[in-house]
Amino acid sequence: MKILLIAVGTLAGLFALVWICGMMLPSRHVASRSLRLAKPPEEVWTLLADFASYGKWAPEVNGTSRLADHNGHPVWALEGKWAMPLELETVEPPRRLVTRIADPRLPFGGTWTWEVSADGAGTRVDVTERGEIKAPVFRVLTRFVFGYTSTMDAYLKAMARHFGEAAAPMSVRQELTGF
């Protein structure tokens with residue numbers, strides 16, 4: 001019984017320590033990644049802007065469905081591991097797309113800004129996350145275990161694979177902020 005109490009106390013203490021550390025971390029962050037592809041910008045934009053086809057190339061997305069507009073903007077639901085509604089806040093073909101997580105009840109939120117630009121004979125794709133992590137424990141896990149760019153990297157690598165390329169995302173920017 002004594003060992004059980006020590007184990008439970010240790011776990012509770014560890015959770016409290018992680019929670020306190022999470023409270024000390026800013027809830028908001030900005031992180032950016034970049035990728036160069038050999039495809040023309042129009043081809044990259046077509047893939048990026050076709051939410052109905054995300055289940056064919058995007059990581060952990062099994063499918064999508066169109067939801068009712070929000071604030072006059074289209075909303076798409078991603079299905080699968082990354083299940084969430086995304087509001088297409090800004091669409092400026094063929095160069096800029098801003099998506100916003102459209103469910104305030106989720107433990108995280110924010111935007112991804114995709115920028116597509118010509119880069120020599122190919123295309124440069126930049127994605128910037130302006131994110132918020134509401135739960136202190138998830139802040140610690142994201143900061144010290146998963147990293148702020150892991151999901152962006154997965155999307156950029158999947159985009160490269162879709163085009164038959166083996167490109168590696170490059171770090172552009174990462175900071176904790178109150179934006």
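Helices and strands are DSSP runs numbered from the N terminus, a helix being H or I over at least four residues and a strand being E over at least two. The expected span of a helix is 1.5 Å times one less than its number of residues. The model is a predicted one, in which local features need pLDDT of at least 70 and side-chain atom pairs count only at pLDDT 80 or more, while totals for chains, interfaces and linings use all residues. Residues are numbered from 1 along each chain as its sequence is written, and side-chain values use heavy atoms, with hydrogens and water left out.

Helix α5 covers residues 150-162, and its 13 residues reach 18 Å from the first C-alpha to the last, close to the 18 Å expected at 1.5 Å a residue. Several of its residues are buried, namely Met-152, Asp-153, Tyr-155, Leu-156, Ala-158, Met-159 and Ala-160, where buried means under 20% relative accessible area, exposed means over 50%, and partly exposed lies in between (1.4 Å probe, protein chains only). After α5 comes Gly-164, whose phi is positive, near 75°.

The chain as a whole contains 5 helices and 8 strands, and along the sequence they follow the pattern α-β-α-α-β-β-β-β-β-β-α-α-β. Its C-alpha atoms fill a box of roughly 65 × 35 × 30 Å, taken along the principal axes. Of the 179 residues, 41% count as buried. Contact means heavy atoms within 4.5 Å, and among the contacts with a separation of 6 or more, 58% are between residues 24 or more positions apart.

What lies inside? In soluble globular proteins, nonpolar side chains tend to be buried together. A nonpolar core is a set of buried Ala, Val, Leu, Ile, Met, Phe, Trp, Tyr and Cys residues joined through side-chain atoms within 4.5 Å. The largest such core here has 35 residues, and those that touch the most other members are Leu-37, Leu-48, Tyr-54, Trp-57, Trp-114, Tyr-155 and Met-159. Helix α5 gives the most to this core, with 6 residues. If residues up to four places away in sequence are not counted, Trp-114 touches Leu-48, Arg-95, Arg-96, Leu-97, Val-125, Asp-126, Val-127, Tyr-155, Leu-156 and Met-159.

Thr-99, in strand β5, counts as buried because its relative accessible area is 6%. With the residues up to four places away in sequence again left out, Thr-99 touches Phe-51, Leu-86, Glu-87, Leu-88, Gly-110, Thr-111 and Trp-112.

We turn next to the pockets. On a 1 Å grid over the protein atoms alone, a pocket is an open set of points with protein on both sides within 12 Å along at least five of seven lines, and its lining residues have an atom within 4 Å of a point. The largest pocket has a volume of about 760 Å³, and of the 32 residues that line it, Trp-82, Met-84, Phe-108, Glu-129 and Thr-151 are the closest to its centre. Strand β6 provides the largest share of this lining, 6 residues. The second largest pocket holds about 200 Å³ of space, and among its 13 lining residues Arg-100, Ile-101, Gly-109, Gly-110 and Glu-132 lie nearest the centre. Here too β6 gives the most, with 4 residues.

Finally, some places in the backbone deserve a careful look. Most residues other than glycine have a negative phi, and most peptide bonds are trans. Glu-60, although not a glycine, has a positive phi of about 60°; Glu-60 lies in the loop between α3 (54-57) and β2 (61-70), and it counts as partly exposed because its relative accessible area is 43%. Asn-71 also has a positive phi, near 55°, and is placed in the loop between β2 and β3, where it counts as exposed because its relative accessible area is 59%. A cis peptide bond, with omega about -10°, joins Pro-93 and Pro-94, and Pro-94 is found in the loop between β4 and β5.

Note on methods. 1 Å grid on protein atoms, 1.4 Å probe; cavity = no way out; pocket = protein on both sides within 12 Å on 5 of 7 lines; lining within 4 Å. Points joined across faces, edges and corners; volume = space filled by probe spheres on them.
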